[in-house]
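Colleague: Hi, I'm new to this one. Please put it on the screen and walk me through it.

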Amino acid sequence: MNSATLVLGAAPRVAVPIARSLQRLGVPCIVGIFSEKNSALGSNAVHRTVRLPQPRDRVAFITELLRLVEAENVDTIFPGSDLALRGIGEHYDRLSNVVYPGCPPPDVCAVVLEKQRTFDAASACGIELPCSYIAPTLADLDALRGDMRFPVIVKRSSAAIAGSFKIRH
């Protein structure tokens with residue numbers, strides 16, 4: 001069997017087109033998921049779907065990932081989400097000894113995952129940014145109530161920090 005590629009942690013709208021492209025090249029595509037919600041991808045281009053432990057469970061994640069890499073002859077992993085990117089980054093050295101990790105080293109990925117660094121770079125290039133409101137607690141959010149302009153988009157301020165969020169207008 002040809003070496004397989006693992007698409008890790010991607011939503012079906014991302015994983016299926018990658019699997020179709022790989023299928024045209026004769027490369028088997030395995031999709032690794034972290035939740036039960038995305039278990040049925042509905043494409044014959046996906047050779048197999050495998051549920052893996054969440055990357056925050058570091059030992060179980062790397063143990064099962066390495067087992068899968070060996071059992072399925074995986075030679076490349078494509079991270080399909082911030083969660084997958086962080087998971088690969090936390091084990092980058094170990095993984096890069098046995099498989100192509102499909103992403104730059106962790107120090108480069110950190111720049112991508114920390115949105116503030118991206119905003120700083122855009123601002124330095126003269127790109128106008130939306131207003132930001134940071135509200136780590138409900139009390140902080142309540143204090144901003146009279147100052148916020150609507151509509152707003154509420155999202156995490158950093159994919160690297162669990163639970164942090166930022167409000168943008």
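Colleague: Let's start with helix α1. How far apart are its end C-alpha atoms, and what should its 13 residues span?

Modeller: The ends of α1 (residues 12-24) are 18 Å apart, C-alpha to C-alpha, and that agrees with the 18 Å that 13 residues should span at 1.5 Å a residue. The expected span is 1.5 Å times one less than the number of residues. Helices here are DSSP runs of H or I with at least four residues, strands are runs of E with at least two, and both are numbered from the N terminus.

Colleague: Before we go on, what sort of model is this?

Modeller: This is a predicted model, where local features need pLDDT of at least 70 and side-chain atom pairs count only at pLDDT 80 or more, while totals for chains, interfaces and linings use all residues. Residues are numbered from 1 along each chain as its sequence is written, and side-chain values use heavy atoms, leaving out hydrogens and water.

Colleague: Thanks! Back to the helix, then. Which residues of α1 are buried?

Modeller: A15, V16, A19 and L22 are the buried ones. Buried means under 20% relative accessible area, exposed means over 50%, and partly exposed is in between, using a 1.4 Å probe and protein chains only.

Colleague: You mentioned strands. In what order do the four strands of the open sheet run?

Modeller: The order is β3-β2-β1-β4, with parallel pairing. β3 and β4 (74-79) are the edge strands, each pairing on one side only. From one strand to the next, the twist averages 25°. Two strands pair if DSSP finds at least two bridges between them.

Colleague: How many bridges join β2 and β3?

Modeller: Five, in the parallel sense. I33 stands opposite R51 in β3.

Colleague: Which strands does helix α2 touch?

Modeller: Helix α2 (residues 58-71) packs on the sheet and touches β1 (4-8), β3 and β4, and its direction makes about 135° with that of β4. Helix α3 (residues 82-90) lies across β1 and β4, at about 130° to β4. Contact means heavy atoms within 4.5 Å. Angles run from 0 to 180 degrees between N-to-C directions, with axes as lines fitted to C-alpha atoms, for helices over the stretch in contact.

Colleague: Switching to loops: where does S43 lie?

Modeller: S43 is in the loop between β2 (29-33) and β3 (46-51). With a relative accessibility of 15%, S43 counts as buried. Leaving out residues up to four places away in sequence, S43 touches V16 and R20. V16 is one of the buried residues of α1.

Colleague: What lies 3.1 Å from a polar atom of the S43 side chain?

Modeller: The backbone nitrogen of A45. A polar contact is a pair of N or O atoms within 3.5 Å; within protein, one must be able to donate a hydrogen and the other to accept it, and residues adjacent in sequence count only if both atoms are side-chain atoms.

Colleague: Is H91 buried or exposed?

Modeller: H91 is buried, at 8% relative accessible area. It sits in the loop between α3 and α4 (92-96). Setting aside neighbours within four places in sequence, H91 is in contact with R58, F61 and I62.

Colleague: Last one: how many helices and strands are in the chain?

Modeller: Seven helices and seven strands. Of the 169 residues, 36% count as buried.
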